[in-house]
Amino acid sequence: MGTLNRFKIFGVALITFALGFIVGFASQGKQSEDEYKYLRMFTDVLRIIKENYVEPVSTKDLIYGALNGMTKSLDPFSTFFTPKQYESFRQETEGEFGGVGIEIGMEKGRPVVISPIEGTPAFKAGIKPGDVILEIDGEDTSNMSLIDVVQRIRGKVGTKVQLTIHRKGMEKPMKIELERALIKIESVRWTTLGDVGYIKLSQFNENVGVQVEKALKELTSKRVKGIILDLRNDPGGLLSEAVNVASLFLPEGKLVVYTRGRNGETQKYFARRKPVVPDNLPVIVLINKGSASASEIVAGALQDYKRAIILGEKSFGKASVQNIIPLEDGSALKLTVAYYYTPLGRLIHNRGIVPDVQVAMDEKQEEALQEAIRQKKLEGKSGLILLPEKDPQLSKAIELIRSGQALKRVANL
């Protein structure tokens, strides 16, 4: 059977299904009448385009375009995958890929950087949370879906991509050329700052809970006065790993997070084990506007139970649950079905986590810190580079622990 004939049959089948759907709902009152009206409008427009557009167009492309637009109208995280896009999505989430190392969302129809991932090309080039991507290789992003943006930025390792960035406070957009690299992140790193333990968690990938546990055991064995868990610019990751990390600090059986869907149905996630950190050891969690998703789950849970002081700046506020629903032709729907809530019932989405101790870092301070770190690396220093004298958030956390205020503040929060 020819391709055009298959598309014609597909189009007829779709219209027949739509009409059947309409008839089935016709008895349900005013709402059904509205559905009938708009579904009829949809099929009318489909027919008019098929019959009158200046060039032949496939029904499949029209329907895929309509589904893409439909999901874009919902929120920045729901999307429709064509079969090719879905296969690419599955491969990328299951393995390694070539990219530049940024987590992105959508705001007002434009891709916005949630966070650059430490150590990646984007991080090294100075891309920052809140940067708006206006163009990718000269192509305007205003009509792109989130998956379109991701696919254009990712590519073969060693190839280059040019991003045109708008940053708040800049008079003109700037162009940044990045060479794609193999994105394989060292998610957990740790060290001591004298008598203070420090853990940097850059992304909630598989097994980070095990790695954080290893770090905590090593640091507590050195009898540190407190632990700093740095979740700044951590875009999140796996819900299961957020629960695993929170479980290292909270009593077994405590509620870590729950989700609530459209009809009020909830799913609860509890601490799964005994904590690793002693109750009398103060914990400070660092967050900023680049902390999102799983980072906010951990910060919110530890804040609710007064197990840690949250320090820094308000987090990003991305806390929605997306389900992947495969469709019969190999395409798929990624649909937001619920929101995350902290144990005390605080909605994180679009609100973020507000720190107990607010310490801001302006753009000049951030640039000075990253430049100092880059200089240290050029001088041959490897591993985790921490510069409290240029990092007011880290410096304040150390001060609270060494002065004994951290333990008192947790007790009195």
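Biologist: Buried means under 20% relative accessible area, exposed over 50% and partly exposed in between, with a 1.4 Å probe and protein chains only. Which residues of α8 are buried?

Modeller: They are Leu239, Glu241, Ala242, Val243, Val245, Ala246 and Ser247. Please note that this is a predicted model, in which local features need pLDDT of at least 70 and side-chain atom pairs count only at pLDDT 80 or more, while totals for chains, interfaces and linings use all residues. Residues are numbered from 1 along each chain as its sequence is written, and side-chain values use heavy atoms, with hydrogens and water left out.

Biologist: And what does α8 pack against?

Modeller: Its buried residues pack against β11, α7, β13, β14 (266-270), α9 and β18. Contact here means heavy atoms within 4.5 Å. Since 7 of the 9 residues of α8 (residues 239-247) are buried, the helix is largely enclosed by the rest of the structure.

Biologist: How many helices and strands does the protein have?

Modeller: There are 12 helices and 19 strands. Both are DSSP runs numbered from the N terminus: helices are H or I with at least four residues, and strands are E with at least two. Of the 413 residues, 46% count as buried. Among contacts with a separation of 6 or more, 67% come from residues 24 or more positions apart.

Biologist: What is the strand order in the open sheet of 6 strands?

Modeller: The order is β10-β11-β12-β15-β16-β19, with mixed pairing. The edge strands, β10 (188-193) and β19 (357-358), each pair on one side only. Two strands pair if DSSP finds at least two bridges between them.

Biologist: Does β11 run parallel or antiparallel to β10? And which residue is the bridge partner of Trp190?

Modeller: β10 and β11 (residues 196-201) run antiparallel and are joined by 6 bridges. Ile199 in β11 is the bridge partner of Trp190. On the other pairing, β11 and β12 are parallel over 5 bridges, and Val196 has Gly226 in β12 as its bridge partner.

Biologist: Which strands hold Tyr258 and Tyr341?

Modeller: Tyr258 is in β13 (residues 255-261) and Tyr341 in β18 (residues 332-341), so the pair ties together parts that are 83 residues apart in sequence. Both tyrosines are buried.

Biologist: What lies over the face of Tyr341?

Modeller: Arg260 does, at 4.9 Å from the ring centre. Likewise, Lys318 lies over the face of Phe77, at 4.7 Å from the ring centre. The criterion is that NZ of Lys or CZ of Arg is within 6 Å of the ring centre and within 35 degrees of the ring normal.

Biologist: Where does Ser331 lie, and is it buried or exposed?

Modeller: Ser331 sits in the loop between β17 (320-326) and β18. Ser331 is buried, with a relative accessible area of 2%. Its side chain makes a polar contact with the side chain of Asp329 at 2.5 Å. A polar contact is a pair of N or O atoms within 3.5 Å; within protein, one must be able to donate a hydrogen and the other to accept it, and residues adjacent in sequence count only if both atoms are side-chain atoms. Leaving aside neighbours within four places in sequence, Ser331 is in contact with residues including Tyr64, Phe80 and Tyr86.

Biologist: And what does the side chain of Asn288 reach?

Modeller: The side chain of Asn288 reaches the backbone nitrogen of Asn233 at 3.0 Å. Asn288 lies in the loop between β15 (283-287) and α9 (294-304), and it counts as buried at 7% relative accessibility.
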